[in-house]
Structure formats: C-alpha cells, structure tokens
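Have the model open as you read. This walk-through takes one element at a time.

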Amino acid sequence: MVQPKGQSRRATILAAHIVDFSTMMSTDEPATTALITKHHQEVIDPAIREHKGRLAKDTGNGFLAEFDSPLEAVRCAVDIQQSMIERNSDSSLRTVHRIGIDLGAIIAGPNDVSGHGADAAMRLQGFAGPGDICISSAVYELVKNKLDARFQSLGEKQIENVTQPVRVYRVVPDFAATVKAVRPESRAPRRLTAALISIGVGLVVAAGASGLAWILFSKQQRDRQATAPTLAAADTHNVTVALPPPASSVAVPTSPPAVAVPPPLPPVAAAPPAPPVVLEQKPLAKGPPPPPKASQVDMPVYVPPTPSAERAATAVQPPIAAPAKAAVIEPEMISLRGGAFKMGSDDDPSERPIHVVAIKPFSIGKFPVSVGEWKQCVAAKACADLGSSNVGPSDAKMPMANLSWRDAKQYVAWLSDATKHNYRLPSEAEWEYAARGGTQTRFWWGNEFIENMADCNGCEKAYDPYRPTMIGSFKPNPFGIYDMSSLVNEWVEDCWHKNYAGAPADGAAWETGDCGQRVLRGGAWRNNSNYVRPSNRDRYDATVRYFTHGFRVAQ
Amino acid sequence: MRTTRRLFVVGSVLWPTVASAQGTARPKDAYLYIIWPNNGDRIKGAFWCRFGLRNMNVTQAGSTAADAGHHHLFIDVQERLDPSLPIPQDKNHLHFGKGQTEARIELPPGRHTLQLVLGDAQHFPFNPPLVSKVITITVV
C-alpha cells in the first residue's frame with residue numbers, strides 16, 4: 001500500500017472524470033450524489049485497494065488515485081471501466097468516466113495530491129473518450145507487454161505546462177473473455193452478413209461493394225465500441241502499437257478492409273486445402289434421432305466403438321439455399337447421470353489429496369471440438385481465424401487446437417447464442433468424472449498402459465509429432481466418450497490450484513485462486529503416456545495459445 | 001514434478017543439429033541466461049527463478065515483434081530440442097507466454113537442472129536457437 005507523505009516523490013496517478021457530471025447534477029442532484037457514493041463503495045474504492053493504490057483525492061466530479069506501479073494503475077482503470085459498463089446496463093442513471101494515467105512527481109497530502117504527475121494525468125483524461133482510458137508514452141513503455149490489451153496511438157499531444165508534446169495512447173482492453181460482453185455482439189456480424197447478401201452484394205470483388213461493406217463494418221465497430229468493448233480485440237492479446245489515429249477515439253479493426261467483406265457462403269470461408277467442413281456432415285445418415293441430445297448412460301457399460309470410417313464425411317453438398325441462415329451443427333453430447341466418485345491420485349503432488357466429489361447430472365461432448373466445428377464459429381465471425389500452420393491439425397476431422405482458454409470461452413458463448421442451448425466448458429471435476437468412465441484405475445482401461453489406446457508420444461505405432469490423429473480413432477471409454485486422454489490437452493473452466501487442498505466437493509468449477517492460469521486436462525499427442533491418465537492435470541496462461549491445446553464442450 | 005535425474009554435463013545438451021524449420025531470425029549477439037539461482041546452488045524449498053536476456057526483448061507469445069521472444073524454462077530435460085516443432089509444453093517445459101521474466105518454482109528435494117529457451121510468437125525456437133547454459137541446483 002502506498003504511504004501518504006507530504007513531500008515530493010514519483011508515482012503513477014490515475015485521474016478520472018465523470019462525463020456530463022454537471023448535467024447529471026442539475027437533473028437530479030440527490031440521486032446523482034447517492035449513485036456516485038455507491039459506485040465508490042462498491043466498485044471504485046475496492047478496485048483501487050485491490051491494485052494496491054490509494055484514493056488520493058475526491059474531486060466531486062471524479063477522483064485521483066495514486067499507485068506505486070503503472071501496471072496496477074492501468075489494470076485498476078480497466079477494472080473500473082469494465083465494472084461500470086455492467087452497472088450502467090441496469091441503471092437508468094448512467095455514470096461514465098474518462099480516465100487518464102501518467103507518472104511523474106507528485107506532492108501527496110492525506111486527502112489531496114498535486115504536482116506535475118497529477119496535472120498531467122488530469123490533462124490526459126481530457127483526451128479520453130467516454131468510457132476510455134488514455135495513458136502517456138511513459139506509462140505505455142512500462143505496461144505495453146504486460147497487459148491483455150492493445151494500445152492505440154492517438155498521436156502527439158501538447159499538454160499544458162509541458163514543453164515537449166507527449167504521445168498519448170488509448171488502452172483497448174481485451175474483454176473477449178467476458179462472456180457477458182461478447183455474447184450480445186457475437187451475432188452482429190451475421191446480421192451484417194445477411195443484410196449485405198439480401199441487398200444483392202453477391203460480387204464481393206466489386207470495389208464499390210467492398211467500400212460499402214467496409215463503411216458498414218466500420219460503423220458497426222464504432223457502434224459496438226460506443227456501448228461496450230468488443231470482439232475487435234478478441235484474438236489479439238498481443239500488443240498492437242501505433243495504429244493510425246482515426247478521426248475520433250474509435251477502435252479500428254486491425255484487419256484490412258477486404259477481411260470485413262463477409263463471404264457470400266459462410267461455410268466456404270477461407271477453406272484451406274482441407275476436406276469438407278463439418279457443415280457437410282449434416283445430411284449424413286446418423287440413423288435414429290438426428291442430432292440426439294444424448295444417449296443416457298446410467299452405468300459404466302462398455303459401448304462398442306464406432307468405427308471411425310462411419311464418421312468420415314460423405315461428399316454431400318450443403319444446401320445452397322439460404323446460406324445466411326446455415327444451421328449450426330451441434331456437437332454430439334453424451335449425457336451422464338453423475339454421482340460420487342474419487343477424484344485425484346497419488347501419482348503426482350498436484351493430484352493430491354484424493355477426494356470424493358458429487359457430480360450433478362450433465363452432458364459432455366462425445367469428441368473434442370473439431371476443426372470443422374470451429375470453422376462454423378469463424379464463418380460467423382465470432383471466433384478467431386487462426387489460419388493454417390505446418391504443425392497441428394490439418395484436417396476438418398482433427399481436433400481444433402492452438403486455442404487459448406479465452407478462445408474456448410468465445411466458442412461456447414457463440415455456440416450457446418447460435419443454438420439457444422446453454423453450452424459451457426466442463427468443470428475440472430466433471431472432466432475427470434467423464435474421463436474415468438466409472439473406473440478408478442490409473443488408465444480408464446486398467447492400471448497398466450496398453451499400446452494403441454491413445455494418441456500420444458510413445459503410445460502408438462503411428463505417432464506423428466506434427467499433428468494429432470482424427471477424432472474418434474481410438475476406443476471410447478466405458479461412458480462412450482472418445483479421446484479424453486489424448487489428441488489435445490483440453491481446457492476446463494477452473495482456475496489453477498497446485499493441488500486439491502480446499503477443492504469444491506460439488507463438482508462445480510473452482511474459480512478462486514490463480515485465474516490467470518486455467519486448468520488443462522488430458523494429454524496431447526505430443527505428451528507422454530503419463531498424461532493419458534485421467535487424473536493428470538496441468539495448467540497454462542489463459543490468454544496464450546499453444547498448438548496442442550483444444551477443448552470439448554459441456555452442458 | 002516428475003524428476004528424471006541422470007548424469008549430465010553442464011552446457012553440453014540441447015543444441016540442435018538441424019536448422020530450424022520455422023527459423024525466426026534473432027540478433028547474433030543475443031544472450032539468454034538464468035540470473036538466479038546460480039549453478040551449484042543449494043536451495044531450501046520453493047524459489048524465484050529469474051530470467052535474463054540481453055540484446056533482445058521479451059514480449060508475449062503471439063507477438064511477432066522483431067527481435068523479441070518469450071521464455072521457456074526446461075526442468076530436468078534430457079531430450080534434444082527439435083527446432084522443427086514448437087517447444088514442448090508439459091510439467092518439465094514451463095511456458096511464460098505473457099512475457100514473465102521470473103517464476104516461482106517448487107521442486108522436490110534432490111538435484112535438478114534448469115535451462116532457459118527463448119521461443120518466438122508460435123513457441124518455436126529461434127534460428128539459431130537461443131538457449132541458456134544449463135545449471136544444476138540441489139533442492140534440500
């Protein structure tokens with residue numbers, strides 16, 4: 001915690017100003033005062049404390065806070081702006097802040113702060129749009145590689161009492177993981193697609209059409225940016241420096257205009273030389289109930305494996321009619337009754353202590369999410385198009401990989417929205433329950449390792465270090481679930497804990513602790529047989545992509 | 001952490017023999033090293049391992065900024081690095097894709113080796129690979 005002192009020192013100052021404060025006060029002074037006090041009590045003061053700062057001055061129409069660390073100051077600002085979006089969504093009186101952050105010499109008293117650093121932060125705040133955060137180049141240099149955010153250069157600005165112009169950056173937080181924020185927007189691009197197609201913009205090569213699409217897309221981006229931070233930042237957790245400053249403080253998608261033009265037929269979007277997308281699987285005769293929600297599994301009954309050939313895509317063309325409303329193919333789910341099971345093992349410190357968990361009924365994907373399934377989300381412009389690589393999955397029937405936890409969360413948010421079914425990531429306990437398939441042995445088939453039961457390094461004769469096998473190539477476990485122990489490491493909902501001390505016993509996701517890292521379960525094709533054990537656990541930074549990380553969905 | 005302890009010679013392993021398939025170039029004078037602990041240190045309990053890098057910058061995974069990469073810490077790794085594949089990820093190959101320059105490490109008692117390897121945006125080793133000397137520590 002910062003200790004207030006009466007002498008000059010260097011610190012980071014966050015200056016916040018409430019937009020239209022005087023209008024709010026003249027409309028309803030008591031309500032405005034009460035509302036701002038409430039914001040301070042519930043959002044602003046706790047955020048400052050959490051980021052080891054000090055509320056230095058309440059200016060009435062805003063506040064000044066002092067931090068030791070520029071990084072914490074920016075994180076605090078992002079937290080506040082994000083929380084305010086949520087609060088404003090269910091309040092008739094909207095409170096929107098502009099925030100500026102700079103570092104420099106300050107003189108701090110018990111309830112006041114002055115000096116150059118404070119002045120500069122207040123000036124920077126003036127460059128920020130409503131709900132935005134502006135930082136100086138000095139702050140930018142110290143935080144640029146340490147935040148899940150992009151930075152947009154607004155160019156050099158002259159600040160009062162400073163001789164040299166200062167480069168100002170706007171912080172564009174990566175809110176993609178906030179499902180709440182993403183969901184309402186996730187369908188917008190599809191609406192745009194439909195609109196464009198319906199007005200006959202079939203020939204996207206036409207320059208005029210491209211221009212129109214670009215204008216509409218830009219407008220869409222502006223509209224979305226005005227209300228909430230959006231998918232624009234979704235797949236860029238890297239730092240983008242010095243975007244050309246736009247006319248106003250508006251987020252411009254980093255992609256070139258051509259990308260904004262929606263493809264006339266979504267399923268065809270940027271298909272690499274890969275076989276048909278899963279969409280084409282639709283007419284595939286699945287026998288009984290078309291996309292069955294589930295085959296109820298009551299007991300650990302061994303289900304004979306489906307030959308993978310049966311899943312091979314039949315070369316049936318997707319219906320050409322009404323391409324804009326192409327139905328989303330839902331993943332095949334296995335419904336599980338749940339019950340108590342012993343989670344963990346003594347094989348690794350991270351898997352201890354073995355503890356009993358009571359699992360509620362739930363459904364889990366029969367397979368990991370495939371490349372083809374992912375492409376549906378890409379076509380809907382709700383998931384990142386990760387392009388192709390010479391390593392990793394190379395076929396629509398391979399599990400999708402090179403995904404961060406945030407990518408996986410975006411997919412389930414899109415799938416839920418597109419299908420109106422509530423898809424999510426499994427909890428870690430649900431995942432292990434499903435992977436064990438009712439067994440308590442080291443592997444689901446017994447305590448001894450057996451060759452050719454999984455795709456991993458040293459597990460099979462046909463091991464390819466560059467890519468996984470097709471989904472469904474190995475025997476399913478007794479619950480009829482495929483590939484839980486191999487192919488890709490699978491993201492689950494839980495935050496990382498180094499062992500199970502204090503773990504929930506009700507099967508819910510454990511969402512306290514180190515949430516910068518999320519749990520990965522199951523081994524990938526590159527891991528050794530130790531990772532094939534259903535109790536094995538690992539973790540990774542939630543925002544970072546790696547070429548063996550994928551996921552499966554739950555309900 | 002599983003340990004695979006065996007005889008090994010400091011600084012002799014992990015230099016690949018084939019050229020990198022990905023082959024992101026890096027400054028010739030870049031130097032990667034472990035600031036702390038020192039080779040031969042005896043350490044009680046968990047410790048902060050600090051990563052040093054000269055003449056290059058640390059960035060996040062996914063960032064293709066020139067002359068920049070992110071750290072990977074190899075613990076008790078014996079296998080040769082394959083530059084045609086991304087750096088492995090498991091309990092012996094820790095990734096620091098958010099641009100971390102230090103990490104809290106907890107190892108079981110005994111001798112362990114530590115080595116840093118710098119990865120590019122897609123976690124591939126650079127060309128030529130940038131690796132630190134291997135150090136050996138003893139956790140007591």
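Start with helix α12 of chain A, whose buried residues are Glu428(A), Ala429(A), Glu430(A), Trp431(A), Glu432(A), Tyr433(A), Ala434(A), Ala435(A) and Arg436(A). The model is a predicted one. The helix spans residues 428–436, and nine of its nine residues are buried, so α12(A) is largely enclosed by the rest of the structure. Buried here means under 20% relative accessible area. Just past the end of α12(A) comes Gly437(A), with a positive phi of about 55°.

Now move back along chain A to helix α10. Here too, nine of the nine residues are buried, so α10(A) is largely enclosed by the rest of the structure. The buried set consists of Val371(A), Gly372(A), Glu373(A), Trp374(A), Lys375(A), Gln376(A), Cys377(A), Val378(A) and Ala379(A). What provides the cover? Part of the answer is α11 and β16 of chain A, which are among the elements over the buried residues of α10(A). After α10(A) comes Lys381(A), and its phi is positive, near 60°.

Look next at how α10(A) meets α11(A). Two packed helices are described by the angle between their axes and the distance between the axes. Helix α10(A) covers residues 371–379 and helix α11(A) covers residues 405–419; they pack at about 75°, and their axes lie 10 Å apart. An angle of 65 to 115 degrees counts as roughly perpendicular, and α10(A) and α11(A) are therefore roughly perpendicular to each other. Which residues make the contact? From α10(A) they are Glu373(A), Trp374(A), Gln376(A) and Cys377(A); from α11(A) they are Asp407(A), Tyr411(A) and Trp414(A). Sorted by class, this contact has four nonpolar residues, one polar residue and two charged residues.

The strands of chain A come next. In a regular strand the side chains alternate between the two faces of the sheet. Strand β9(A), residues 333–336, can be read with that in mind. Met333(A) and Ser335(A) point one way, while Ile334(A) and Leu336(A) point the other way. Are these residues buried or exposed? All are buried. Strand β9(A) is joined by four bridges to β12(A), residues 362–365, and the two strands run antiparallel. Within this pairing, Ile334(A) has Ile364(A) of β12(A) as its bridge partner.

Further along chain A is an open sheet of four strands. Their order is β15-β14-β13-β16, and the pairing is mixed. Which strands form the edges? They are β15(A), residues 537–541, and β16(A), residues 549–551, each pairing on one side only. From one strand to the next, the twist averages 55°. Strand β14(A), residues 514–521, is tied to β15(A) by five bridges, and these two run antiparallel. Across that pairing, Gln517(A) stands opposite Asp541(A) of β15(A).

Finally, turn to chain B. How many helices and strands does chain B have? Chain B has zero helices and nine strands. Read from the N terminus, its elements run β-β-β-β-β-β-β-β-β. Of its 140 residues, 54% are buried. Take the contacts in chain B with a separation of 6 or more: 73% of them are between residues 24 or more positions apart. The accessible surface of chain B is about 6,400 Å², and carbon and sulfur atoms account for 50% of that surface.

Conventions
Residues numbered from 1 in each chain as written. Chains lettered and ligands numbered in written order. Predicted model: local features only at pLDDT ≥ 70, side-chain atom pairs only at ≥ 80, totals over all residues. Heavy atoms only, no water. Buried < 20%, exposed > 50% of the residue type's maximum accessible area, 1.4 Å probe, protein only. Contact = heavy atoms within 4.5 Å. Areas by Shrake-Rupley, 256 points an atom, 1.4 Å probe, with all protein chains shown as cover. Pairing = 2+ DSSP bridges. Axes fitted to C-alpha atoms, helices over the stretch in contact; angles between N-to-C directions. Parallel < 35°, antiparallel > 145°, perpendicular 65-115°, else oblique. Nonpolar A, V, L, I, M, F, W, Y, C, P; charged D, E, K, R; others polar.
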